[in-house]
Structures are given as structure tokens and as C-alpha cells.
Amino acid sequence: MRTYQLVVPCHFGMEAVTKREIYDLGYEITKVEDGRITFEGDEEAICRANIFLRTAERVLLQVGRFHAETFDELFEGIKRLPWEIYIPKNGKFWVTKASSIKSKLFSPSDIQSIAKKAMVERMKQYYDVNWFEEDGAPYPVRIFLLKDEVMVTLDTSGESLHKRGYRLMTSKAPITETLAAALILLSPWRKDRILVDPFCGSGTFPIEAAMIAADIAPGMNRSFTAEQWTNLIPRQLWYDTVEEARELVNTDIKTDIQGFDIDGEVVKAARENAKRAGVDHLIHFQQRPVAELRHPKKYGFIITNPPYGERLEEKKALPELYTQIGQAFAGLDSWSLYMITSYEDAERYIGRKADKNRKIYNGMIKTYFYQFMGPKPPKAKTQKETEQ
């Protein structure tokens, strides 16, 4: 099997979480940059990364890196890359995205068009043809320029990995599945602890938590572009990886995961989404305002994405809403609160300063992940200690 450099974009600020996931899959990390991790892996790694990684946006196969300050240098650099290794004669290839930061070449459409011409030139020489039918499997190319350094990749995922396939119904301001999973993994929550989302919307936090608890791989029930790359990845590898994922699933577990929302229709949609994810029996959804949040047990977690008040009329309601969050939290004995919001007065109305605060971009919105940490539960006594 050939070894590749595989590049995994993730949410900016979540690199440590994605890094840990890649290590847990057993791969060697070669580079960590803002918003992406590069690791070494073979064809099987492409399948496993797509199916198992919860916090990755997609899995890219790096074709090459080089320096370019002019369009001539870009053309020659892309023409030098061994495209024939990756793309067969009938492959359909195009530059699906080009992005440029702090580089002399900054026009995405020009970068895309020149890159395509350079690829065609290289492959014309190799395949000894003047015209490509492009009626075969798709090979989308993504190009990134940062400070005149060009990274050229093939997109193995296709649709972004946050599209797990369970969320057909979304609420007004949904959080992506990958970011929800990353925020849960960033917290000390474990499947034997209580988790409540009082603003559950379409159910993303509770569903991702339940999938983590039941060891359900996020990409088990969807397809990927690279499944069609039979010249690079034997189809059997995909079947084997899905089988590996299936064997790990354990939905026969006890959990205390709850999702509340003030909107009954939204709660109904969340239940439907949980059903499609195969975890509806692990989550209790209920129509309930945050002011009525109660729980008799200690050491639980609130992990939530409350309204930010992006519209002016909604902003007026935020002081009261965040005061209610603070009061509900204060009434929960020894609980922790993890909350992502762009509302800058959140701490003021909750009534205490967060123990930790992390800046995260949710799409184009600058948000903060406030972490109000409760005490750790006492360690369970061993049988030996009980007998003494």
C-alpha cells in the first residue's frame, strides 16, 4: 500500500481535539497548522478517517506543496505534480475550490482556471491524448495558498463530513455536527455522566453525545467521493471499514442525555433526527423553557448553544434569557456549564465569570466557548476499600 499525506481541516481552535482523534485511530501526525492537521496514512487510513473522525470537516489527499508568486510559477508547479498516479484517463477532474490568504495570487477563479489547464497539460503528455472525455469517477481538487505557499489536494470526502445523514430537519441557528462533537470532546463529559441541552434545537448536541456514548462512527451511514476511486482504493476496504465500525457499536447502554427546547415543533424535529441517527432511545427530548431546568442528581453537564440575538429585536430579550440560564445553573448542585455564544454580556447576566473561555468561529460568526466548571465527582470506591 502507498503512504499519503492526508490533510484534515477542522474548526479553527479545535486542532487539539482533532489531533487526539487521529492519534486514537493510530496514525502519525506530521504537521499541525491553524484549522488543519496533516497525518501519514495509506488507503485504509482514507476510509477510516472519513468514517471515524467526528471533528474533521473533510479528508484531503495532498498531491503536493510548492512556492508560487506568479501565475507562471503556479502553472509550472501544478504541471510538475504526478497527476497520473491519482487520476485515470477517463477521470472527471476540476478545481472545486481555491482559497488564498496573504498571497500575491489572490483571485480564486484565476487560480482554478490556471490549475485546471496545468493538470490537462501534464495528463495530455502522460496519456498521449489531446482531449479528455471526463466521463469516469469524480476527482475534485482543492487548492490553498498561504503566504505564497501552495498546497494542492484531492478531496476524498465530497460533501462535508458534518453531513452525517441524520439531520434532515434543522432549527433556526443550528450548530454543525462536527463543531458540536468537538465541543463535547473538549469537555470532561463521559457517557456515565448526565448531559442536558436546554436549547437543543434540532438535537445536534444530544445526538452527537449519544453517538459518542454508543460508539457510533459518524460516517457509517453516508457515502464519500473516494469510494469511486477504484484505481486507488479497493472497494473492499470501504466495506471492511464499515464492518469495523459496526462491530464497535453498542446501543444497549444506559445514558442520561436530555434535550429541551421552548418550541414544540423543534423538539419533534429533534426526535426525528435522533431516530435517523439510531439513538432516539438514548435521549429524552421535551418541550420546556430554560427557566424550568431542574435535575435531582449532582455532577451533570449543560452543553448548549443558546440564542445569540443576531437580529436586533432578539437582542433585547437576551439579558433576561441569560439571567434565566444563570439562575437555572445556580439551582443545579455541582453541575458544569459549557456554552457557545457570540453574546458578549453572557457572563454578566449568568452572574459569574467563566473558568475558561475559548474563541471559536462558528461559520463566519466569532463566538466564545464559556466553560463554567463544577467540582469533580468523588471517585467510586473499589470493592477492597468498601470491605475495609
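**A helix and its crossing partner**

Tutor: Helices α1 and α6 are roughly perpendicular to each other, because an angle from 65 to 115 degrees counts as such. Keep in mind that this is a predicted model. The axes of α1 and α6 cross at roughly 85° and come within 9 Å.

Which residues make the meeting of α1 and α6? From α1 come Val-17, Arg-20 and Glu-21. From α6 come Ala-182, Leu-185 and Leu-186. Sort the residues of this contact by type: four are nonpolar, two are charged and none is polar.

Now look at α6 itself. Helix α6 runs over residues 177-186. Is it mostly covered or mostly open? It is mostly covered, with eight of its ten residues buried. The buried ones in α6 are Glu-177, Thr-178, Leu-179, Ala-180, Ala-181, Ala-182, Leu-183 and Ile-184.

His-11 sits in the loop between β1 (4-9) and α1. Its relative accessibility is 12%, so His-11 counts as buried. Its side chain joins that of Glu-57 through a polar contact of 3.3 Å. Setting aside neighbours within four places in sequence, His-11 is in contact with Glu-57, Thr-176, Thr-178, Leu-179 and Tyr-361.

Next, follow the chain past α1. Gly-26 is in the loop between α1 and β2 (28-33). Is Gly-26 buried or exposed? Gly-26 is exposed, with a relative accessible area of 61%. Gly-26 and Gly-41 are 15 residues apart in sequence, and their C-alpha atoms are 9.5 Å apart in space.

In soluble globular proteins, nonpolar side chains tend to be buried together. Here the largest nonpolar core has 99 residues. Ile-78, Trp-83, Ile-143, Trp-189 and Val-279 touch the most other members. Helix α5 (residues 108-127) gives the largest share of this core, eight residues. Take Ile-78 as an example. Not counting residues up to four places away in sequence, Ile-78 touches Phe-66, Trp-83, Ala-115, Ala-118, Met-119, Ile-143 and Val-152. There is also a second, separate core of 24 residues. Phe-199, Val-290, Leu-337 and Tyr-370 are included in that second core.

Finish with the loops on either side of α5. Lys-102 lies in the loop between β5 (92-101) and α5. Lys-102 is not a glycine, yet its phi is positive, about 50°. Lys-102 counts as exposed, at 65% relative accessibility. Glu-134 lies in the loop between α5 and β6 (138-146). Its phi is also positive, near 55°, in a residue other than glycine. Glu-134 is partly exposed, with a relative accessible area of 23%.

Note on methods
Residues numbered from 1 in each chain as written. Predicted model: local features only at pLDDT ≥ 70, side-chain atom pairs only at ≥ 80, totals over all residues. Heavy atoms only, no water. Core = buried A, V, L, I, M, F, W, Y, C linked by side-chain atoms within 4.5 Å. Buried < 20%, exposed > 50% of the residue type's maximum accessible area, 1.4 Å probe, protein only. Helix = DSSP H or I, 4+ residues; strand = E, 2+ residues; numbered from the N terminus. Contact = heavy atoms within 4.5 Å. Axes fitted to C-alpha atoms, helices over the stretch in contact; angles between N-to-C directions. Parallel < 35°, antiparallel > 145°, perpendicular 65-115°, else oblique. Nonpolar A, V, L, I, M, F, W, Y, C, P; charged D, E, K, R; others polar. Polar contact = N/O pair within 3.5 Å; in protein donor to acceptor, adjacent residues only side chain to side chain.
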